Amino acid sequence: MLSSVATFAQHAVGSITLQPKVGINTANVTDAKDTDPRVGLAAGLEAEYQVTDLLSLSAGAIYSQQGYKRDWSENRIDYSITGKLDYINVPILANVYVTKGLAVKLGVQPGFNVTAKLEHKETAAGRTRKTTGDVEGVKSVDFSIPVGLSYEYANFQLDARYNWGVSKVADDDDEKNSVFQITLGYKFKL
């Protein structure tokens, strides 16, 4: 019976891989009224260490365009506000391989804010006016819990994660980041 236990990992125990990756985020903030998701870039590098046949640990640095949008009309004027909250996220994950190539991921993720801008657009009678300013009070460090799945085939890895924000985005609000992320990467063995 013990000899029939399958090996699920893609890589040998003790191996280390590096994975550049690129993809998209669909991000919003919780507890904000009438906001829509901001779609943005996710790109970076992750390293993975294969601990056992079923478990690996990974850590990385990912540039992540996050934030929110809000569009509305009033008195024949269209308004649009985009909160651009960009981070360098550092996901630290445990990857459990449930079958060959398929892993369930769970971990912690500190994020370091690199952009906190507010873009305001007003359109009336075919004319558009744009203004940009800083978002006040945004915290420099954000914490979230990433949960996801990945599938690897021929060293290509498709990864889908939800980053559940657990810390407030700004000092004076209860809003937290809420990010769904899909990336495609390629693993290089060291």
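Me: What counts as a contact here, and what share of the contacts in the chain with a separation of 6 or more comes from residues 24 or more positions apart?
Reply: Contact means heavy atoms within 4.5 Å. Residues 24 or more positions apart account for 62% of the contacts in the chain with a separation of 6 or more. This is a predicted model, in which local features need pLDDT of at least 70, side-chain atom pairs count only at pLDDT 80 or more, and totals for chains, interfaces and linings use all residues. Residues are numbered from 1 along each chain as its sequence is written, and side-chain values use heavy atoms, with hydrogens and water left out.

Me: How many helices and strands does the chain have?
Reply: The chain has 0 helices and 11 strands, where helices (H or I, at least four residues) and strands (E, at least two) are DSSP runs, numbered from the N terminus. Its C-alpha trace spans about 75 × 35 × 30 Å along the principal axes.

Me: Is Arg 38 buried or exposed?
Reply: Arg 38, in strand β2, is buried at a relative accessible area of 8%. Buried means under 20% relative accessible area, exposed over 50%, and partly exposed in between (1.4 Å probe, protein chains only).

Me: Which side chain is joined to that of Arg 38 by a polar contact?
Reply: The side chain of Asp 86 is, at 2.8 Å. A polar contact is a pair of N or O atoms within 3.5 Å; within protein, one must be able to donate a hydrogen and the other to accept it, and residues adjacent in sequence count only if both atoms are side-chain atoms.

Me: Changing topic, what is the phi of Asp 34?
Reply: Asp 34 has a positive phi of about 55°, although it is not a glycine. Asp 34 sits in the loop between β1 (16-29) and β2 (38-50) and is exposed, with a relative accessible area of 59%.

Me: And where is Asn 75?
Reply: Asn 75 is in the loop between β3 (55-74) and β4 (77-89). Its phi is near 50°, also a positive value in a residue other than glycine, and Asn 75 is exposed at 70% relative accessibility.

Me: Which residues form the largest nonpolar core?
Reply: That core has 7 residues in all: Val 29, Tyr 68, Leu 85, Tyr 87, Ala 116, Val 138 and Val 169. A nonpolar core is a set of buried Ala, Val, Leu, Ile, Met, Phe, Trp, Tyr and Cys residues joined through side-chain atoms within 4.5 Å.
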